[in-house]
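Welcome, and please take a look at the structure below before reading on.

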Amino acid sequence: MDDLKQMARAAKNRLKSNYWTDCKENIEKNAQEAKNKGLSEIKAKSTFKSRVKNEISGEKQDEFYLRVKSLLDSEGEVSDAIGRLCDKEYYSKLSYEEKQRYNLELSSKYLNALSRYRKEKEMGII
């Protein structure tokens, strides 16, 4: 019940502070900037809308994505990215099968983060 009250309070505060008007203006501004750069307006709008949705639902920036972003900003795409992103202490305690599963999961997360990074870079968000 407290969560519901907290969510209602947050929604009321968004309405009072013209949050939605600001969001609409930001979406239009980003779409116009994308159009001026020759990029897809629809992609720009959907990217910004998903950010707003994540912000409202209370999701914080993904820590793994931030690590990937930092790696890509500082060194670009490297061949040993999975090794650099691996939690070595945790990895050393795993069995062979668990290590294989961990590598696959980490690889999948890295590819998703890389795709997101490229998309944001293309849109000029980063």
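Predicted model: local features only at pLDDT ≥ 70, side-chain atom pairs only at ≥ 80, totals over all residues.

**How H3 meets H7**

- Seen as a crossing, H3 passes H7 in a left-handed way.
- On the H3 side, the contact is made by Lys43, Ala44, Ser46, Thr47 and Arg51, while H7 brings in Lys119, Glu120, Glu122 and Met123.
- Sorted by class, the contact of H3 with H7 has 5 charged residues, along with 2 nonpolar and 2 polar ones.

**A closer look at Glu122**

- You will find Glu122 in helix H7, where its relative accessibility of 41% makes it partly exposed.
- Which residues does Glu122 touch, leaving aside its neighbours within four places in sequence? The contacts are Leu39 and Lys43.
- Glu122 and Leu15 are 107 residues apart in sequence, and their C-alpha atoms lie 32 Å apart in space.

**How H2 meets H3**

- Helix H2 (19-36) packs with H3 at an angle of about 150°, and the two axes are 8 Å apart.
- Are these helices parallel or antiparallel to each other? An angle over 145 degrees counts as roughly antiparallel, so H2 and H3 are roughly antiparallel.
- The crossing of H2 past H3 is right-handed.
- From H2, the residues in this contact are Tyr19, Trp20, Cys23, Asn26, Ile27, Glu28, Asn30, Ala31, Ala34 and Lys35. They meet Glu41, Ala44, Lys45, Phe48, Lys49, Val52, Glu55 and Ile56 of H3.
- By class, the contact of H2 with H3 divides into 10 nonpolar, 6 charged and 2 polar residues.
- Ala44 of H3 takes part in the contact with H2 and also in the contact with H7.

**Around the end of H1**

- Arg14 belongs to helix H1 (residues 2-16).
- Is Arg14 buried or exposed? Arg14 has a relative accessible area of 17%, and because buried means under 20%, Arg14 counts as buried.
- Not counting residues up to four places away in sequence, Arg14 touches Tyr19, Trp20 and Ile56. Tyr19 and Trp20 of H2 and Ile56 of H3 are also listed in the contact between those two helices.
- Asn18 sits in the loop between H1 and H2.
- Although Asn18 is not a glycine, its phi is positive, at about 55°.
- Asn18 is partly exposed, with a relative accessibility of 47%.

**Cysteines**

- How many disulfides are there? With a disulfide taken as a pair of cysteine sulfur atoms within 2.5 Å, the count comes to 0.
- Cys23 has a relative accessible area of 7%, so it counts as buried. Cys23 is also one of the H2 residues in the contact with H3.
- Cys86 is buried too, with a relative accessible area of 14%.

**Tyr90 in H6**

- Tyr90 lies in helix H6 (residues 88-92).
- With a relative accessibility of 43%, Tyr90 is partly exposed.
- Tyr90 and Leu106 are 16 residues apart in sequence, with 13 Å between them in space, C-alpha to C-alpha.

Definitions and conventions
Residues numbered from 1 in each chain as written. Heavy atoms only, no water. Buried < 20%, exposed > 50% of the residue type's maximum accessible area, 1.4 Å probe, protein only. Helix = DSSP H or I, 4+ residues; strand = E, 2+ residues; numbered from the N terminus. Contact = heavy atoms within 4.5 Å. Left-handed = near helix turned anticlockwise from the far one by under 90°. Nonpolar A, V, L, I, M, F, W, Y, C, P; charged D, E, K, R; others polar. Axes fitted to C-alpha atoms, helices over the stretch in contact; angles between N-to-C directions. Parallel < 35°, antiparallel > 145°, perpendicular 65-115°, else oblique.
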